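Please read the briefing below alongside the sequence and the model, which are shown first.

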Amino acid sequence: MGNSKKYILTAITLGVIGAVSAALISLTNLVTRDAIEKNKIDKINKGLAMIYDENSQFSEANSINGETKYLDSYYVASKNDEKIGYVFQTTGSNMYGKISMLVGIDLTYNIGNVYLVVNEQTYAQTLIDNYVNPLNDGSRALEDVSCGATYGAKLVRTMAEEAQSWAKENLK
């Protein structure tokens, strides 16, 4: 009987610890959920302005349903009520982490600037410094992925190319 009482007491103690932990996690989520969502929206708005410029206007996000591997949605960019291009939101991952990015596609379906909304790659800063920034300033070609974060660069390239391909086929 002595051992049974010990096992029951241990199970009850672990159950209480688990219940308290779950309650604390739920409370933390309740408190931080809105701030996290606001930060995400702010980061997307910052990226939209970076891809074209802060004087551009953007439509609401247009959802892309399940027909692609990486594309989530796209925005129509305009300036002075004239369409100037598109911005695609993409999400992908590889063995080094997740990337969510915005990629500009102009009206002739050329890939423009790229903005990383989420960069959880192991070599995150290397990817930004050696691939994304040079890509955006025109000193690196999209295909040139040898940068010290090659797998991340390949993922960025693949997501940008999928956005370009989808735009050519669906936004005529």
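Two strands are said to pair if DSSP finds at least two bridges between them, and helices (H or I, at least four residues) and strands (E, at least two) are DSSP runs, numbered from the N terminus. This is a predicted model, in which local features need pLDDT of at least 70 and side-chain atom pairs count only at pLDDT 80 or more, while totals for chains, interfaces and linings use all residues. Residues are numbered from 1 along each chain as its sequence is written, and side-chain values use heavy atoms, with hydrogens and water left out.

**Strand pairing**

- Strand E1 (residues 57-58) runs antiparallel to strand E3 (residues 71-79) and is joined to E3 by two bridges, with Gln57 standing opposite Ser78 of E3.
- Strand E2 (residues 62-63) also pairs with E3 in the antiparallel sense, over two bridges, and Ser63 has Ser73 of E3 as its bridge partner.

**Helix H1**

- Ile44, Gly47, Leu48 and Ile51 are the buried residues of H1, where buried means under 20% relative accessible area, exposed over 50% and partly exposed in between (1.4 Å probe, protein chains only).
- The elements that cover these buried residues include E1, E3, E4, E5 and E6.

**Nonpolar cores**

- A nonpolar core is a set of buried Ala, Val, Leu, Ile, Met, Phe, Trp, Tyr and Cys residues joined through side-chain atoms within 4.5 Å; the largest has 30 residues, of which Phe88, Met101, Leu127 and Tyr131 touch the most other members.
- At least two residues of this core come from each of E3, E4, strand E5 (97-106), strand E6 (111-119), helix H2 (124-137) and helix H3 (150-170), and H3 supplies the largest share, eight residues.
- Leaving aside neighbours within four places in sequence, Met101 is in contact (heavy atoms within 4.5 Å) with residues including Phe88, Val114, Leu116, Val156 and Met159.
- Another core, of eight residues, lies apart from the largest one and has Leu48, Ile51, Tyr115 and Val117 among its members.
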